[in-house]
Amino acid sequence: SCVHTENCFVPTSEIIAVEETEVNKKQRNIGKWQKMAKPHAFTVYYVKKARNHRWRCSDVTFWCVDEHLCNQWIQALKELLEMQKSRPKQLLVYINPYGGKRQGKRIYEQKVAPLFSLASISTDVVITEHANHAKDNLFEVNINKYDGVVCVGGDGMFSEVMHGLIGRMQKDSGIDQNNPKAPLVQCNIRIGIIPAGSTDCICYSTIGISDPVTSALHIIVGDCQPLDVCSIHHNNTFLKYSVSLLGYGFYGDILKDSEKKRWMGPMRYDYSGFKTFLSHHYYEGTISFQPAKHTLGSPRDKDSCRTGCYSCKKSEQQLAEQHKECGLKHEEDEEEWKVIKGKFLAINAVNMSCACPRSPKGLSPAAHLADGSADLILVRKCSRFDFLRYLVRHTNQDDQFNFSFVDVYRVKSFQFTSKLSEDNESNVTDTGKKRFGQFCRDHPACCCNTANSTWNCDGEILDSSAIEVRVHCQLMKLFARGIEENCKDEAAYSQSSVEQLL
């Protein structure tokens, strides 16, 4: 089922709309149409793929003399589109008017709304007025009348909508989010991201580009990309969900410093990054984790997550089988935990590559979007020069894990406790504590680091340094296709070369 234009085939799944076209007098005077008694026409709007995963809406008009034949074509094509059951018909849209460069509302109205309208998608639009507006609203709305929720903004806006949706699902199912071992209910309502923030990491890592029109077209054609989500707890209290980066030490300190400089705009991240690099703080603590034995690959392989990823499908099947065998009893407590004590410059756990235009491969190039695991990256205390070598590798093609002071593990859960928390919770006598404090004051040049870092959870600060993290396989779904292997479609390429020749 393809529409054939002069030089490209378009699968039905990538047709956006079909409309009858009014033929005006001006068009009828064009050469070959003069001979026709009264031409009839219809226009097919379709996805045209360009370089770097960019999608555009293109159209082609078909003409014929026979009105009946023309109507038959329109009817047949519309029926084909009706059969595309994964396409959304009703969307709930949240727009953050303050995020990024404050362009959210304009981007939606000018670039996205006309495409939704063309594809006959009806929308309910909510312009958020304060933090957590979208999250709170998602607990109240009649969620069942929508085929999806769209957020217009940056990663912060996405995080808010995700927390609202996952929270709503658990509440409706009577699941206590504060229980770190509770199996969570999957969200079947897809989320679409229209990028309009200062950082659009999630969009970039799931489609391959941060572009509002491309994202709108992925939503229209009804793509679906499942996504793993980490739950973060402290002392049996739920803190947050994370889908991209959970970082302690270097990335936590950058965020904490940059929050005080919001007036600088996106430039604050560069400034805080440089300042944090120079301060070169390391943090002492214990990390314990459960290796993800169900996954096929490893963080060091060159197997990137792409559309229709085999590793993600296989992991999903294996996890489903494990759950069937164990019933409600979680086997995880009996499984081995690996424990590492040390002094760390950075501890990063990523659910996706975390690629962005500056770091095209991301923090973990082979991380998978939906395989029920996270990549845990431990950067031990090393010289400033070595740490710089490690950071520079995020921007080029070299293996960033190929250092003696960097370890990476694929995990399904982990816990971290800082040395400070351990000391405070252990039954050291008060006199011992006082003496330790005295020692540090007497020797200001000593290297004992008396402060804790904070966790950076998808760009938001978590003050608790001691945390418990679990990966929930494919807890939610996005309107995305993953990153397509062959981003420059041959048909589109042949079309553009024909256009150049003309």
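Student: What share of the contacts in the chain with a separation of 6 or more comes from residues 24 or more positions apart?

Tutor: Such residues account for 78% of those contacts. Keep in mind that this is a predicted model. The chain has 14 helices and 19 strands, and buried residues make up 52% of its 502 residues.

Student: Why is Thr 454 called buried?

Tutor: Let's set the value against the cut-off. Buried means under 20% relative accessible area. Thr 454 has 3% relative accessibility, so this residue counts as buried. You will find Thr 454 in the loop between helix H13 (430-442) and strand E17 (455-457).

Student: Which residues does Thr 454 touch, leaving aside its neighbours within four places in sequence?

Tutor: Its contacts include Gly 247, Tyr 248, Gly 249, Gly 252, Asp 253 and Lys 256, and also Ile 461, Leu 462 and Asp 463. A contact here means heavy atoms within 4.5 Å.

Student: Ile 209 also sits in a loop. Is it buried or exposed, and why?

Tutor: The relative accessible area of Ile 209 is 7%. The cut-off for buried is under 20%, so Ile 209 is buried. Its loop lies between helix H6 (201-207) and helix H7 (212-220). Beyond four places in sequence, Ile 209 is in contact with Asn 52, His 53, Arg 54, Cys 203, Tyr 204 and Thr 214.

Student: How far is Ile 209 from Cys 356, in sequence and in space?

Tutor: The two are 147 residues apart in sequence, and their C-alpha atoms are 8.4 Å apart in space.

Student: What makes a space in this model a cavity?

Tutor: A 1.4 Å probe fits there but cannot get out. Three cavities of 30 Å³ or more are counted by this rule, and about 50 Å³ of space lies in the largest cavity. Residues lining the largest cavity include Gly 249, Asp 253, Phe 277 and Phe 387. Helix H8 (250-259) and helix H9 (267-279) are the elements that give two or more residues to this lining. By class, the lining has four nonpolar, four polar and one charged residues.

Student: How do you know that H9 and helix H11 meet?

Tutor: Look at their residues: Phe 277, Leu 278 and Ser 279 in H9 meet Arg 384, Phe 387, Leu 388 and Leu 391 in H11. Five of the residues in this contact are nonpolar, one is polar and one is charged. The helices pack at an angle of about 145°, with their axes 10 Å apart.

Note on methods
Residues numbered from 1 in each chain as written. Predicted model: local features only at pLDDT ≥ 70, side-chain atom pairs only at ≥ 80, totals over all residues. Heavy atoms only, no water. 1 Å grid on protein atoms, 1.4 Å probe; cavity = no way out; pocket = protein on both sides within 12 Å on 5 of 7 lines; lining within 4 Å. Points joined across faces, edges and corners; volume = space filled by probe spheres on them. Helix = DSSP H or I, 4+ residues; strand = E, 2+ residues; numbered from the N terminus. Nonpolar A, V, L, I, M, F, W, Y, C, P; charged D, E, K, R; others polar. Buried < 20%, exposed > 50% of the residue type's maximum accessible area, 1.4 Å probe, protein only. Axes fitted to C-alpha atoms, helices over the stretch in contact; angles between N-to-C directions.
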